[in-house]
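Work through the following exercises with the model open beside you, and try each task before you read its solution.

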Amino acid sequence: MSETSPFAAARCPRLIVKVGSSLLVTPEGEVRRDWLAGLAADIAAAVRAGQQVAIVSSGAIALGARRLKLAKGGRASLEDAQAAAATGQIALSQVWAECLGAEGLTAAQMLVTLDDLEDRRRYLNAAATLGRLLGLGVVPVINENDSVATEEIRFGDNDRLAARVAQAAGAQGVLLLSDIDGLYDRAPSLPGATLVERVPRIDAAIEAMAGGSTSGMGSGGMTSKIQAAKIATRAGIALAIASGRVDHPFARYVETGHGTLFPAQRAAPARKAWLGGRLTVRGTVHVDAGAVAALNQGKSLLPAGAVRIEGDFARGDLIAIAGPGGVIASGLAEYDVADAVRIAGKRSDEAATILGYAPRAALVHRNHMVLA
């Protein structure tokens with residue numbers, strides 16, 4: 001493996017590798033064992049070189065749907081997906097344990113829900129477990145707990161889950177193995193489509209290049225990968241998209257660098273990085289141009305800058321902050337929605353009279369806010 005790659009062991013001591021459903025499972029619901037054995041060999045080589053590796057693996061629903069003979073790959077309804085996941089997760093963990101075991105590695109299973117990584121205390125517990133497993137030389141195999149997750153409390157794709165797991169694990173890199181070899185400047189099927197090899201900054205032009213899932217088996221697509229890259233790079237973690245449609249895909253990416261790399265940005269403080277990666281937004285505060293300027297200078301959001309409030313949130317919930325040009329930040333609400341509506345547009349010294357109690361300093365304090 002190339003030592004100059006940002007994902008080589010010497011430069012990336014802890015790595016998260018995400019494997020999509022369409023790579024692991026055939027359209028008929030069979031495991032691609034030869035391919036998986038090659039990936040396990042890659043992981044074993046990385047571990048021998050001193051790298052700690054965790055896997056975020058899709059495939060439980062696809063495997064379970066075949067065993068239960070469910071229509072539409074187990075995705076016809078939420079109930080079907082939950083039943084397929086409960087059945088397929090046993091097969092998925094078994095095949096990973098077998099392939100990693102053949103390389104002398106011990107596998108561990110972790111199932112998480114969105115709430116496990118959105119709640120700060122549970123997030124820290126998951127981080128501690130991951131850290132201990134990796135420190136013991138174990139390869140954690142992580143998946144969303146689709147058997148209990150509902151539409152309201154689920155990631156919905158393992159790309160963003162991989163980025164959040166990387167945060168929790170203190171990883172330096174995330175490798176998304178996909179059915180496409182990276183981000184293209186237009187649909188890859190169109191003439192002249194060009195692979196974007198490096199994305200130093202994710203802006204509107206980059207987001208416009210994203211498309212949907214092409215395999216029909218998974219729930220992610222290029223949009224979810226861009227969102228994952230935002231979460232990872234904001235936390236100081238590099239993320240790459242590379243093709244899994246080759247033998248030994250991990251080793252091939254490290255050797256060739258063929259794919260799309262999103263380099264790590266300067267890491268935000270741990271709590272702010274966690275906030276920036278949260279996905280459950282309960283409401284939106286629309287603000288004026290003056291408030292936008294103040295937020296960009298690192299100030300808190302005061303009631304006077306709010307022009308409209310939407311959603312249903314309580315104090316401590318994550319809310320978005322939108323200016324005239326769109327969402328500019330997110331943070332934890334200092335008020336519930338009813339009180340926030342009452343003091344929106346008012347000066348801070350008026351809030352006590354309106355609310356009947358001493359007000360808090362801001363609608364969203366700068367210490368609990370991250371810019372988009």
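Rings of Phe, Tyr and Trp (its six-membered ring) pair if their centres lie within 6.5 Å, and planes under 30 degrees apart count as stacked, over 60 as edge-to-face and the rest as tilted. This is a predicted model, in which local features need pLDDT of at least 70 and side-chain atom pairs count only at pLDDT 80 or more, while totals for chains, interfaces and linings use all residues. Residues are numbered from 1 along each chain as its sequence is written, and side-chain values use heavy atoms, with hydrogens and water left out.

**Exercise 1.** Find the one aromatic pair that the structure holds, and classify it.

*Solution.* The ring centres of F7 and Y253 are 5.8 Å apart and the planes stand at 55°, so the pair is tilted. F7 belongs to the segment before β1 (14–19) and Y253 to helix α10 (residues 249–256), so the pair ties together parts that are 246 residues apart in sequence; helices (H or I, at least four residues) and strands (E, at least two) are DSSP runs, numbered from the N terminus. Both F7 and Y253 are buried, that is, under 20% relative accessible area with a 1.4 Å probe, protein chains only.

**Exercise 2.** Describe the open sheet of five strands.

*Solution.* Begin with the order, which is β9-β8-β10-β11-β12, with mixed pairing; two strands pair if DSSP finds at least two bridges between them. Next, take the edge strands, β9 (306–311) and β12 (369–371), each of which pairs on one side only. Finally, look at β8 (residues 283–287) and β10 (residues 318–323), which pair in the parallel sense over four bridges, and note that H286 has A322 in β10 as its bridge partner.

Methods. Buried < 20%, exposed > 50% of the residue type's maximum accessible area, 1.4 Å probe, protein only.
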